[in-house]
Amino acid sequence: GINAEYGLFQRASKHKAMKYSCEFIYKRLWTDIKSFSVLYFSGVKDACAFSRVQNSMRKSKTVFWHTLRCLGFNGVVFLGSIFFFNTLLGLLRQLQSSSQLQSSVVLTLTKTLEYIVLIVYYALWIIPLYLCSTILNLTWYDEIVSGTCTTPRNLPTPPSQGGALKQVIQSIRDSLYGQVLLLFYVVQIAVLGFIPVIGVPLSFLCTCWLHSFYCFEYKWNKAGISLQQKLDIMQKHWLYFVGFGTPFTLTFFFFSYLVSVGVYGLLFPFFVILAIHAKPCRITRGKSDIPENLDVFILAHIATRFTFNYFLTSGIELQKPT
């Protein structure tokens with residue numbers, strides 16, 4: 001009788017322990033899901049707060065007119081020319097497949113005409129237009145940022161500054177290292193796209209981080225923040241920046257390259273303005289099992305360090321974010 005009672009007691013204790021264990025796991029999991037959702041959708045919310053764009057355009061004529069120029073050039077000229085060309089190319093291909101024009105002479109002529117149109121279109125229109133749009137967009141973006149950042153509260157606190165020469169050297173070093181770092185990161189995104197099943201989601205995730213960085217970089221540059229500090233901010237607020245980059249990335253990620261370039265140039269000033277007004281939030285220490293810090297550029301860091309150490313031998317060093 002005693003052994004039977006003891007066995008029942010053990011089974012009841014095990015059942016109770018398993019129950020508490022399952023409840024604990026469920027609570028931790030639910031806490032992680034809530035933390036993830038709050039941070040991710042905080043970024044999404046800030047990226048969709050277009051009333052802030054409207055307010056900035058209403059308050060500043062500089063912001064209004066330069067944003068309008070971005071819309072006109074990228075939306076009407078660039079994307080409009082792509083639409084016109086695709087329409088023309090479609091008509092030529094319909095002409096080729098017409099049942100009334102099946103002779104070899106006519107097919108040869110229409111194919112030749114298609115090749116001529118392609119060459120003229122890319123050589124005399126798209127390439128010059130692309131170069132022109134790059135220069136104009138960079139100028140307009142800078143003017144938009146200058147017009148938006150009219151109050152100190154829109155910018156983070158600038159770091160303490162050293163001597164003028166030291167600042168110039170640091171700026172050149174950061175610029176060179178940063179450009180190579182981002183180049184390797186773009187290559188990483190392209191390579192991820194070729195991985196079966198998980199490649200496209202990973203590529204999309206990294207693209208969200210990349211374009212969040214681009215949007216916030218204008219704000220950080222105006223505040224005089226160094227490359228090291230930018231990467232630290234990305235690392236500490238990695239989940240927020242995924243959310244912020246998601247709406248923007250969705251607008252062009254699944255289009256062809258040329259259409260993506262046009263859509264990107266069209267919408268980028270809006271998200272730069274939104275980034276200026278945004279306040280990134282991060283994971284609270286000890287309240288979640290989600291990593292507090294995540295070096296989203298770690299592979300690009302490795303490739304960049306290897307490049308500088310073994311090819312450029314310039315002696316440029318940059319501490320890895322902690």
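Helices, meaning DSSP runs of H or I with at least four residues, and strands, meaning runs of E with at least two, are numbered here from the N terminus. Read along the sequence, this chain follows the pattern α-α-α-α-α-α-α-α-α-α, that is, 10 helices and zero strands.

Good morning, colleagues. The model is a predicted one, in which local features need pLDDT of at least 70 and side-chain atom pairs count only at pLDDT 80 or more, whereas totals for chains, interfaces and linings use all residues. Residues are numbered from 1 along each chain as its sequence is written, and side-chain values use heavy atoms, with hydrogens and water left out.

I begin with confidence. The pLDDT, the predictor's confidence in each residue on a scale from 0 to 100, has a mean of 81 for the chain, and 77% of residues reach 70 or more. Over residues 314–322 the pLDDT is below 50, yet this stretch has 23 contacts in the model beyond near neighbours in sequence; a contact means heavy atoms within 4.5 Å.

Now the chain as a whole. Of its 322 residues, 39% are buried, where buried means under 20% relative accessible area, exposed over 50%, and partly exposed in between, with a 1.4 Å probe and protein chains only. Among contacts with a separation of 6 or more, 80% are between residues 24 or more positions apart.

Let me turn to helix α6, residues 199–222. Because 17 of its 24 residues are buried, α6 is largely enclosed by the rest of the structure. Just after α6, Gly224 takes a positive phi of about 75°.

What does Val186 touch, leaving aside its neighbours within four places in sequence? Val186, in helix α5 (residues 164–192), is in contact with Leu210 and Tyr214. The C-alpha atoms of Val186 and Leu210 are separated by 8.2 Å, at 24 residues apart along the chain. Val186 counts as partly exposed, at 37% relative accessibility.

Finally, His301 lies in helix α10, residues 298–312, and is buried at 2% relative accessible area. Its side chain makes a polar contact of 3.2 Å with that of Tyr177. Such a contact is a pair of N or O atoms within 3.5 Å; within protein, one must be able to donate a hydrogen and the other to accept it, and residues adjacent in sequence count only if both atoms are side-chain atoms.
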